[in-house]
Amino acid sequence: MELKVLRADPAGNITLFVLDPVPAGDRAGIAARLMDMPGGDVEQVGFLCPPLQGSAGRLEMAGGEFCGNATRAFGMLMAQQLDGLSRVQVEVSGCGQPVTVDVDLAAGTARAQMPLPRGVGRTEVDGCPAIMVDLIGIAHLVVEDVPPSLDFFRKAEPLFWDIPDLDAYGVIFLDSAKGAITPLVKVPTADSLVWEGSCGSGSLAAAIAQSQNAPDGPFVRTYLQPAGAVEAAVLRRDGEAVSAWIGGSVSLDAPVTVQL
């Protein structure tokens, strides 16, 4: 099988876009094979599909999840194809409405709207306080000043099992002194568990967690991550988050054909 693909690098969260049509039932298996290719650094795979709601295009992630970084990169790709538009609306799996992406092709940056949390709650794992941020379809547990480890993830994992309609979930290890996060994210249907180079929704979850007691107005933070940096912003009004976005660098390689 030959597939035309394009490698995207949104702040180090390496994403492979499959440009050829692939049946929905085959996507998880093909994504796993693409991620396992020798010498690759791909962390996730998305499939370009015809739009359903009249937007510039539609992206279906391999596990049906929503991914903020992939959305930023997809928005840039659509902007390139539409004669360099600075704002596009795109559809992405895991999100029920089109997402606005602002693109600066000259600067190599893209900023995407993000879904507001369905729920935010305090909890505890192994004696460590944590904040669960449910972003609908994906949820993140934010823990501060806990050494990143698979063992801690496994202890935290049962907390996600009672959250309905989750396509993906992760633990965001936040170093409060450095303003840095280390994301470990699982997509069950794609059978993937990845220490991500960066995580857009995880960055937003960290901003939501850290802004719980912040005054009304914009709360903006740039989170350093293993392979890049993502800026996350939350606008609060009357103590509630009313809008959110993430932004940062994006680069797109030229399309290539791979043999599976």
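1. How much space lies in the largest cavity? The volume is about 160 Å³, and this is the one cavity of 30 Å³ or more that the structure holds. A cavity here is a set of points, on a 1 Å grid over the protein atoms alone, where a 1.4 Å probe fits but cannot get out. Grid points are joined across faces, edges and corners, and the volume is the space filled by probe spheres set on the points.

2. The model is predicted: local features need pLDDT of at least 70 and side-chain atom pairs count only at pLDDT 80 or more, while totals for chains, interfaces and linings use all residues. Residues are numbered from 1 along each chain as its sequence is written, and side-chain values use heavy atoms, with hydrogens and water left out.

3. The lining of the largest cavity comprises 21 residues, and those nearest its centre are Glu43, Gln44, Glu65, Val187 and Glu196. A lining residue has an atom within 4 Å of a point. By class, twelve of the lining residues are nonpolar, six polar and three charged. Nonpolar covers Ala, Val, Leu, Ile, Met, Phe, Trp, Tyr, Cys and Pro; charged covers Asp, Glu, Lys and Arg; the others, Gly among them, are polar.

4. At least two lining residues come from each of α1 (27-35), β3 (44-49), β12 (180-187), β13 (192-195) and α4 (200-210). Helices (H or I, at least four residues) and strands (E, at least two) are DSSP runs, numbered from the N terminus. Helix α4 is largely enclosed by the rest of the structure, because ten of its eleven residues are buried. Buried means under 20% relative accessible area, exposed over 50%, and partly exposed in between (1.4 Å probe, protein chains only). Among the buried residues of α4 are Gly200, Leu204 and Ile208.

5. Leucine 59 belongs to strand β4 (residues 58-61) and is buried, at 0% relative accessibility. Leaving aside residues up to four places away in sequence, leucine 59 touches several others, including Phe17, Phe47, Phe74 and Val92; contact means heavy atoms within 4.5 Å. Glycine 46 is also touched by leucine 59: the two are 13 residues apart in sequence, with their C-alpha atoms 6.2 Å apart.

6. How many salt bridges does the count come to? There are eleven, a salt bridge being a side-chain nitrogen of Lys or Arg within 4 Å of a carboxyl oxygen of Asp or Glu. One of them joins aspartate 102 to arginine 87, with the closest N and O atoms 2.6 Å apart. Since aspartate 102 lies in strand β6 (residues 99-104) and arginine 87 in strand β5 (residues 87-92), the pair ties together parts 15 residues apart in sequence. Arginine 87 is exposed, at 52% relative accessibility.

7. A salt bridge also connects the side chains of arginine 118 and aspartate 134 (2.7 Å, N to O). Arginine 118 sits in the loop between β7 (109-113) and β8 (119-125), and aspartate 134 in strand β9 (residues 128-134), 16 residues apart. Arginine 118 is partly exposed at 39% relative accessibility, whereas aspartate 134 is buried at 8%.

8. Glutamate 157 and lysine 186 form a further salt bridge (2.9 Å, N to O). The pair links distant parts of the chain, 29 residues apart: glutamate 157 in the loop between α3 (150-156) and β11 (168-175), and lysine 186 in strand β12. Glutamate 157 is buried at 6% relative accessible area, and lysine 186 is partly exposed at 21%. Finally, salt bridges with shared partners join Arg7, Asp41 and Asp253 into one network.

Definitions and conventions
1 Å grid on protein atoms, 1.4 Å probe; cavity = no way out; pocket = protein on both sides within 12 Å on 5 of 7 lines; lining within 4 Å.
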